[in-house]
Amino acid sequence: MSNPPVKHKPRVFSGVQPTNALHIGNYLGAIRRWVQEQDQKENFYCVVDMHAITIPQDPETLRRKTRELAALYIACGLDPQKCVIFVQSHVREHAECCWIFNCITPIGWLERMTQYKSKAATQESVLTGLLDYPVLMAADILLYDADEVPVGEDQKQHVELTRDIAQRFNTLFGETFVVPQPVIPQSGARIRGFDDPSKKMSKSEAVNRGHAVLLTDSPDEIRRTIKRAVTDLGREIVFNEAPEKAGVNNLLEIYELLTAQRRPEIEAHFAGKGYGALKTEVAEVVVEGLRPIRERFDELMSNPDELDRILDDGAERARAVAAPKMKEIKRKVGFIVR
Ligand code: TRP
């Protein structure tokens with residue numbers, strides 16, 4: 001029998017699909033806090049290329065985007081010494097564990113998933129992998145006995161399904177998995193789309209021009225997007241939660257998060273100025289705030305050997321946790337463990 005792991009720090013597991021670029025909302029709403037907290041937690045950050053292919057992908061593009069996303073995480077300040085940053089397909093236990101979970105997960109649980117229903121509606125032919133997506137996600141999380149799973153609101157249902165799978169396995173085969181908690185960022189850190197401030201900035205809409213500032217955008221692209229940000233017909237530059245002021249409020253919140261100034265100071269600074277001046281200043285703060293990230297990203301992307309070495313190391317450290325866990329799972333379900 002294997003002993004439960006001795007745990008000192010809470011373990012965090014999060015995954016991100018390499019198919020969409022990260023935007024400033026991801027950074028200010030989530031990644032920045034992960035960076036600040038990386039010493040307090042034991043962190044696993046996984047680039048989920050196996051999830052990405054549940055929607056058909058161009059092979060070369062997928063490979064490039066997988067490296068880009070890993071590089072961006074590191075460029076944002078996640079330290080590969082402190083965090084395990086790895087690619088999902090490098091750790092074969094994710095696929096193995098997914099299969100076993102498939103065999104204890106009723107199809108009805110999967111057909112109920114709202115993300116499945118909305119993605120399936122856009123596909124001509126729905127792939128088995130798309131339905132199975134949340135089971136693979138459960139394998140990702142449970143293989144590491146993660147305590148916390150930081151995700152956006154849209155993934156909460158998948159983490160709840162993960163909890164159901166963990167509990168079902170524990171009931172059928174005996175205590176095996178930690179039942180994880182979803183961790184959703186507070187609403188304060190919810191950056192809105194520049195083209196439509198009534199909506200949260202989203203990765204899937206980031207392809208539309210004017211919606212988001214991507215972490216890899218050039219200074220000119222950043223300036224152009226923010227210049228075009230939707231505001232309102234008024235002229236008051238104050239923090240205001242009212243829906244009709246959402247555009248100005250969003251710009252002010254970005255300014256606040258990046259300058260760490262206090263709200264009264266910021267309002268005093270902008271008093272009497274116009275929206276044009278507000279946008280110019282916010283754009284410059286964003287350009288400067290993202291500059292170190294962009295520079296580190298370019299450096300990493302120009303040195304793919306170094307990046308691949310970091311990812312190899314991440315895969316080794318992930319396997320050091322996932323492989324013994326997988327043996328335990330196989331033993332529990334009645335396989336002969338070699
Ligand atoms: N489904 C998640 C998303 O699209 C990505 C993901 C895959 C994930 N595996 C995970 C998130 C494990 C958290 C934990 O955002």
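Which polar side-chain atom lies 2.8 Å from a nitrogen atom of the ligand? The atom belongs to the side chain of Gln155.

## Basis of the model

This is a predicted model, in which local features need pLDDT of at least 70 and side-chain atom pairs count only at pLDDT 80 or more, while totals for chains, interfaces and linings use all residues. Residues are numbered from 1 along each chain as its sequence is written, and side-chain values use heavy atoms, with hydrogens and water left out.

## Ligand surroundings

The ligand has 13 residues around it, of which Gly15, Tyr133, Met137, Asp140 and Gln155 come nearest; a residue is near a molecule if one of its heavy atoms lies within 4 Å of it. Besides Gln155, which has a polar side-chain atom 2.8 Å from a ligand nitrogen atom, Tyr133 places a polar side-chain atom 2.7 Å from a nitrogen atom of the ligand. For Asp140, the separation between a polar side-chain atom and a ligand nitrogen atom is 2.7 Å. On its own the ligand has 360 Å² of accessible area, and the protein covers 92% of this (Shrake-Rupley method with a 1.4 Å probe).

## Aromatic pairs

Across the whole structure, a search finds 12 aromatic pairs (rings of Phe, Tyr and Trp, the last by its six-membered ring, with centres within 6.5 Å; planes under 30 degrees apart count as stacked, over 60 as edge-to-face and the rest as tilted). Phe101 and Phe169 form an edge-to-face pair, with 6.2 Å from centre to centre and 70° between the planes. This pair links distant parts of the chain, since Phe101 lies in helix 4 (residues 93-102) and Phe169 in helix 8, 68 residues apart. Helices here are DSSP runs of H or I with at least four residues, numbered from the N terminus.

Phe101 counts as buried because its relative accessibility is 0%, and Phe169 counts as buried at 0% as well (buried means under 20% relative accessible area, exposed over 50%, partly exposed in between, with a 1.4 Å probe and protein chains only). Elsewhere, Phe13, Phe44, Phe86 and Tyr144 form one aromatic cluster.

## Arg168 in helix 8

Arg168 lies in helix 8, which spans residues 156-173. With a relative accessible area of 34%, Arg168 is partly exposed. Leaving aside residues up to four places away in sequence, Arg168 touches Ile104, Pro106 and Trp109 (contact means heavy atoms within 4.5 Å). A polar atom of the Arg168 side chain lies 3.2 Å from the backbone oxygen of Ile104.

Technical notes: Helices (H or I, at least four residues) and strands (E, at least two) are DSSP runs, numbered from the N terminus. A polar contact is a pair of N or O atoms within 3.5 Å; within protein, one must be able to donate a hydrogen and the other to accept it, and residues adjacent in sequence count only if both atoms are side-chain atoms.
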